[in-house]
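Please report on selected local features of this model. Cover the charged pairs, a helix, a strand pair and a loop residue.

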Amino acid sequence: MDAILAALVALMALAAAMAAVLSTLSKAAIFALLAIAPCVYRYRKPIYVIIKTLPRDLKFLWRYANGIIRSKRWGRQNTTVPELFTQRALKYPDAPCFIVVDDRTWTFRQMAEKSNQVARVMQDHVGLTRGDVVCVFMPNCGEYVWTWLGMAKVGAVSALINSNLRHKPLLHCIQVAKAKAIIFSDSLAGAIAEVRDQLPPEIKLFQLYGNCASGMIDFGAEMEKHPPEYPIITDKPQYRDTLLYIYTSGTTGMPKAAVLPNSKYLLVVVATVHMLGLKSSDRLYNPLPLYHLAGGLVGTGAALVDGIPSVLRSKFSVSNYWSDCIKYQCTVAQYIGEMCRYLLAQPPRPTDTQHQVRIMVGNGMRLAIWQQMVDRFKVPQINEIYGATEGNANIINVDNKVGAVGFIPKLVPESLHPIALVRTDEQGALVRGADGFCIRCQPNEPGMFIGLIAQGNASREYYGYVDKSDSNKKLVRDVFRKGDAAFMSGDILVSDELGYLYFRDRTGDTYKWKGENVATAEVEDALISALSRRDCVVYGVSIPQTEGRAGMAAIADPDRSLDLKKLAKDLDLSLPSYARPLFLRIMNNIEITGTFKLKKLHYQKEGFDPDVIKDPLYFRSGADFVPITSQLFNDICTGKVKL
C-alpha cells in the first residue's frame, strides 16, 4: 500500500512539473511539441541509439579524419616509409627508435646507417633494384627492422618469413616470393641448410652473425665494407610500390604471400597513432613476432614514422611481460588473446599493477577474460583490433566496450559504410536475395564480415596475394549493386543494436591456434604424405578456457597398423609447431563424398571426449601420441596439461 501511495505522489509531482514547464511556453511552442511528440515516439529506438552512440562515433570520426588527412597528404606527395623515417632520423638522430629487451637500444641514427649499409650491400652483390624481392628470415631483433628498411630504400620488397617454418613450408615461402636472395641470422642457419639443395642455384644466401658455411656470404662483414650514407637511387620508390610480403594462411594450402605496399603500411601507422590516441611520450611494448602484421606493422610503424619508441622482446615471456613494461617504462602494450590467458594463469604478483601501461592493444581477447584483465592488471584502456593482413576491412574498438572487436558508426548512413555483415548459410556461403544481391544482416544476426573495395582509396583498396588466383578467391562481386566488389574475411561476426561488432567463428577450412592461422589443407597434405596415402580429415576443436581451436585429425586406419611415434616425427619435419595436430581420432574409414565438408563439421562438433567418441583417441605428448582417457580429457579441459 505504501508503494502505491509513493507512486501516486511521484506521478502527481511529475504532472505538476510538466504543467509548470508548459505554462512558461507560448502556444506555438506547445503546439510544436505536441506535433513532434508522435514522431519522437515512433522513432524513439533509433533516436536512443544515436544519442547513446554519439560520443563514441564523434570520437571515432575525429580520429579517423585526422588519420585520413595525413594519409592523403602522403599519397599526394608520393611519400614512402623510408623517406618518412629518414626525415625523422635527420631531425632526431639520437632519439631511441627500438629498444631490444636485455640487448641494446637502436637510435634513429644507428637504424639509418645500418639500413643504408644493407641497401649498398644488396646493390653491390645482387644488383638489387626497385621491385626485386629478398627474403628476411630472423627472430625478433632491431636488425630485423633495419634489414627490410634497407631493402625499402632502393624500392625492393622484403618477404618476411615466419621464423618457425622448416622444410617444405619454408621452401614454399622462399619459392613463391621469387626471391633473389635470403638474409638470415646465425640462429636460423640450420633451417636454411636443410633446404639449401632445393633452392635455385642463383639465389644468394647472406648470414648475419656467426660462422658462415661454405657458399654463404657474411652479411655483417660485407656491411662494414660500405659507408653508412644513403644509397644512390636511380629509380625512386613510389607511394603505391610494394614494401613487404607478409605470409598468412588462407582457407586452403600453404602460407600465402600477402602484398603490402607503402600506402597500406602508412595507413596502419595513422590508424595506430590516431585511433589509439598515442602521444610522443608513449613507449610501446612489442613481444609479438615481426613477421606478422600486428608485430611487424602496428609494433614498428609508430616508431619509424612518428618516433614513438618500440620495446622489442625476442619471444613472448609470460613471467617477464609486466616486469619488462615496468623496466622499460612502457605505456602501451601489445597482446594476442592467447597471451592474456597465460598472464591470468600466473600467480598474482606486485608487478601486476606496478606498471605504467595505459593501453593494451591486440586481437583475440575472449569476452570471458576481458574484465578479468582489466580488474587484475588495472589497464584503463583495452583496444581490440580486428582485420586480415591481405584484406581491406579493419576495425577497432575505441571505447573499451567489453568483448567488441569494433563497431559500425550509427552517424554514418548504412549505404556509405565501407564494411558490412552479410548473410551466409551453415557452410559459410553467401546468401543472395531475389534481386541477386547480398543481404545485410540485422542486429544480433550473425553474418560474414566483408570490406567493400574502392581502388584509388588507400583505406579501401585490395591488394590480396602475390598469386592473383588466390586473391580472386577472396573476392565477391555484385554485392549490393551491379559491378561492385568486396573482400570476404571468412569470419562470422555479429552486430548488436548499437553497432558493436563481436567475433563469432571462422568459416571455411581454416582455424586459429597459438595466434596463427592454420589451413587444414596444408596439414592434410602433410598427413597424407606421412600416412602413405591413408584418408584423413583435419579440423579445429575448442578447448575450454583456451583461445582459438586446437588441431585434430581423423585418420582412416582399419587394421590399426599406424606407427604414431613415426607420424609425430614426420609431422615435426613437415609442419610448423602451431600447425601440428594435438589430437588424433583413429577410424575404420572416412567417407570422401559430396558431403565431405558436412562430415568434417560433424567431427568438429564431437570434439575429443572419450566418453562420447568410441573410436580410439590420442593426444600429442612430447615425441609421441598417448591414448586419451577420461582423466586426461578432464586435465586438458581444466588447464592442468600444458598445450
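## Salt bridge within a helix

K473 and D470 meet through their side chains in a salt bridge, 3.8 Å from N to O. A salt bridge here is a side-chain nitrogen of Lys or Arg within 4 Å of a carboxyl oxygen of Asp or Glu. Both residues lie in helix α15 (residues 468-473). They are 3 residues apart, about one turn of the helix. Helices (H or I, at least four residues) and strands (E, at least two) are DSSP runs, numbered from the N terminus.

D470 counts as buried at 14% relative accessibility. The classes are buried under 20% relative accessible area, exposed over 50%, and partly exposed in between (1.4 Å probe, protein chains only).

## Basis of the values

The model is predicted: local features need pLDDT of at least 70, side-chain atom pairs count only at pLDDT 80 or more, and totals for chains, interfaces and linings use all residues. Residues are numbered from 1 along each chain as its sequence is written, and side-chain values use heavy atoms, with hydrogens and water left out.

## Other salt bridges

The structure holds 23 salt bridges. One of them joins R313 to D324, with the closest N and O atoms 2.6 Å apart. This pair links distant parts of the chain, 11 residues apart. R313 sits in the loop between β11 (310-312) and α12 (321-327), and D324 in helix α12. R313 is buried, with a relative accessible area of 11%. D324 is also buried, at 5%.

R585 and D615 form another side-chain salt bridge, 3.0 Å from N to O. R585 lies in strand β26 (residues 583-587) and D615 in the loop between α18 (596-606) and β27 (617-621), so the pair ties together parts 30 residues apart in sequence. R585 is buried, with a relative accessible area of 7%. D615 counts as partly exposed, at 22% relative accessibility. Elsewhere, salt bridges that share partners join R130, D235 and D241 into one network.

## Helix α10

Helix α10 covers residues 262-276, 15 residues in total.

Of the 15 residues of α10, 14 are buried, so the helix is largely enclosed by the rest of the structure. Just after α10, G277 takes a positive phi of about 70 degrees.

In β17 (residues 419-422), both faces are covered. I419 and L421 lie on one side, A420 and V422 on the other, and all are buried.

β17 runs antiparallel to β18 (residues 447-452), and 4 bridges join them. Two strands pair if DSSP finds at least two bridges between them. V422 has M448 in β18 as its bridge partner.

## Loop residue N394

N394 is placed in the loop between β14 (381-386) and β15 (395-396). It counts as partly exposed, at 46% relative accessibility. Neighbours within four places in sequence aside, N394 is in contact (heavy atoms within 4.5 Å) with Y386, G387 and A388. Its side chain reaches the backbone nitrogen of A388 at 3.5 Å.

N394 and E83 are 311 residues apart in sequence. Their C-alpha atoms are 26 Å apart in space.

How values were computed:
Polar contact = N/O pair within 3.5 Å; in protein donor to acceptor, adjacent residues only side chain to side chain. Expected span 1.5 Å × (residues − 1).
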